[in-house]
Amino acid sequence: MKKLVFLFLSLLTAGSLFQACDDSKTYAEMLEDEKNAVSQFIKDSAIHVISEEQFKANGYCTDLDKNEYVAFSSNGVYMQIVNKGTLTVPEKPAAVDSFINNTEICTRYIEMNIATRELAAFNVPLEGYMDASQLYAYPDVFRYVKTDTYSAGTFTSMSYVWSSYYASTAVPQGWLLALPYLYDNAHVRLIVPSKMGHTSAQQYVTPYYYDITKFRKARS
């Protein structure tokens, strides 16, 4: 429980710090700080960035041995596919067996503030938080809506920290960007800039790193 209190205090402190920055810096300056934080994270993590053209040429896969992340230039998201997931009906076209409109999706993840390198939210068992089982007892669940021109996700069940601190049912757009390249039980890592993140990320211009260990279709 002490770990849980510490996590909440860290979240509140980070929020107040970014609020202070918001009062003293212009939005353009905050965006520049965000860009620098992401660049430093990529450097420190020895990430090899590839283009969308290279990603396509590689069969929409990233090379884990090279620590590749594809950069989506139009929105600033970086993605590494650890495991594309499994085709549950192999004889069907892949597009039919991916995450389609109105799919209920369960997810397990770790969220880290890239600017501060602090753990922000999670719903997987982590060393040091094993006594706070309410944080990882259940996966988060959201309904995925996808049309030819629009995609959105709405949480129907959220982890304890996410629901208490972020207080929004909207799924980050950065998460949704990954889904067209994945199948059931996929594992991806994402660098999500503020404009593609949740409401708190947008408010405080904060980039987040996600290790989403599971995107899984909900079982009926």
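A residue is called buried when its relative accessible area is under 20%, exposed when it is over 50%, and partly exposed in between, with a 1.4 Å probe and protein chains only. By that scale Asn-67, at 21% relative accessibility, counts as partly exposed. The model is predicted, so that local features need pLDDT of at least 70 and side-chain atom pairs count only at pLDDT 80 or more, while totals for chains, interfaces and linings use all residues. Residues are numbered from 1 along each chain as its sequence is written, and side-chain values use heavy atoms, with hydrogens and water left out.

**Overall fold**

- The protein chain comes to seven helices and nine strands, where helices (H or I, at least four residues) and strands (E, at least two) are DSSP runs numbered from the N terminus.
- Of the 220 residues in the protein chain, 45% are buried.
- Taking contacts (heavy atoms within 4.5 Å) between residues at least 6 apart in sequence, 61% join residues at least 24 apart.
- The accessible surface of the protein chain, by the Shrake-Rupley method with a 1.4 Å probe, is about 11,100 Å², and 54% of this belongs to carbon and sulfur atoms.

**Aromatic pairs**

- The structure holds 19 aromatic pairs, a pair being rings of Phe, Tyr and Trp (its six-membered ring) with centres within 6.5 Å, counted as stacked with planes under 30 degrees apart, edge-to-face over 60 and tilted for the rest.
- One of them joins Phe-55 and Tyr-181 edge-to-face, with 5.2 Å from centre to centre and 65° between the planes.
- This pair links distant parts of the chain, 126 residues apart, since Phe-55 belongs to helix 3 (residues 52-57) and Tyr-181 to the loop between helix 6 (173-178) and strand 8 (186-192).
- Phe-55 counts as buried because its relative accessibility is 1%, whereas Tyr-181 counts as partly exposed at 22%.
- One aromatic cluster includes Phe-99, Tyr-109, Trp-162, Trp-175 and Phe-215.

**Largest pocket**

- About 250 Å³ of space lies in the largest pocket, the volume being the space filled by probe spheres set on grid points that are joined across faces, edges and corners.
- A pocket here is an open set of points on a 1 Å grid over the protein atoms alone, where a 1.4 Å probe fits and protein lies on both sides within 12 Å along at least five of seven lines; lining residues have an atom within 4 Å of a point.
- The lining consists of 14 residues, with Lys-35, Val-38, Gly-76, Tyr-78 and Pro-193 nearest the centre of the pocket.
- Helix 2 (27-44) and strand 2 (68-72) are the elements that give two or more residues to this lining, and helix 2 provides the largest share, six residues.

**Backbone between helix 3 and strand 2**

- Most residues other than glycine have a negative phi.
- Tyr-60, in the loop between helix 3 and strand 2, has a positive phi of about 60° although it is not a glycine, and Tyr-60 is partly exposed because its relative accessible area is 33%.
- Asn-67 lies in the loop between helix 3 and strand 2, and its phi, near 55°, is likewise positive in a residue other than glycine.

**Arg-216**

- Arg-216 is found in strand 9 (residues 208-217) and counts as partly exposed because its relative accessibility is 24%.
- Leaving aside residues up to four places away in sequence, Arg-216 touches Phe-99, Glu-104, Ile-105, Cys-106, Asp-184 and Asn-185.
- The C-alpha atoms of Arg-216 and Phe-99 are separated by 9.1 Å, although the two residues are 117 residues apart along the chain.
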